[in-house]
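Here is a short briefing for a first look. Start with the strands, then turn to the chain as a whole.

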Amino acid sequence: MKRIYVAGAYSANNVIDVLQNIGTGQFYASELFSIGFAPFCPWHDKQFAIDLWQEELTVEQFYNYSIAWLKVSDAVFLVPG
């Protein structure tokens with residue numbers, strides 16, 4: 001399976017737009033999975049923040065985690081928009 005890093009907007013000026021960005025990113029990652037790729041979906045990071053709500057997670061932790069996957073990906077898919 002080809003590893004595909006799925007890139008696109010995550011943050012926004014309000015929570016509604018953030019949620020829409022998450023949904024859009026997850027949609028495209030799911031589409032890539034359904035046609036046979038192994039996508040890395042940064043929007044699933046939200047689950048770490050939800051599950052580990054008592055820990056002091058940092059943006060740098062998420063950045064380093066994401067970059068580690070980007071380095072081993074075969075390609076990057078840029079979410080439209």
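Strand 1 and strand 3 (residues 75-78) run parallel, joined by four bridges. This is a predicted model: local features need pLDDT of at least 70, side-chain atom pairs count only at pLDDT 80 or more, and totals for chains, interfaces and linings use all residues. Residues are numbered from 1 along each chain as its sequence is written, and side-chain values use heavy atoms, without hydrogens and water.

**Strand pairing**
- Strands pair if DSSP finds at least two bridges between them.
- Val 6 has Phe 77 in strand 3 as its bridge partner.
- Strand 1 also runs parallel to strand 2 (residues 38-40), with three bridges between them.
- Tyr 5 has its bridge partner in strand 2, Phe 40.
- From strand 1 the chain passes through helix 1 (residues 15-34) to strand 2, a right-handed β-α-β crossover (clockwise from the first strand over the helix to the second, with the strands pointing away from the viewer).

**Burial**
- Four of the five residues of strand 1 (residues 3-7) are buried, meaning under 20% relative accessible area with a 1.4 Å probe, protein chains only.
- Across the protein chain, 22% of the 81 residues count as buried.

**Whole chain**
- The protein chain has three helices and three strands, which are DSSP runs (helices H or I, at least four residues; strands E, at least two) numbered from the N terminus.
- Their order along the sequence is β-α-β-α-α-β.
- The C-alpha trace spans about 35 × 25 × 20 Å along its principal axes.

Notes: Buried < 20%, exposed > 50% of the residue type's maximum accessible area, 1.4 Å probe, protein only.
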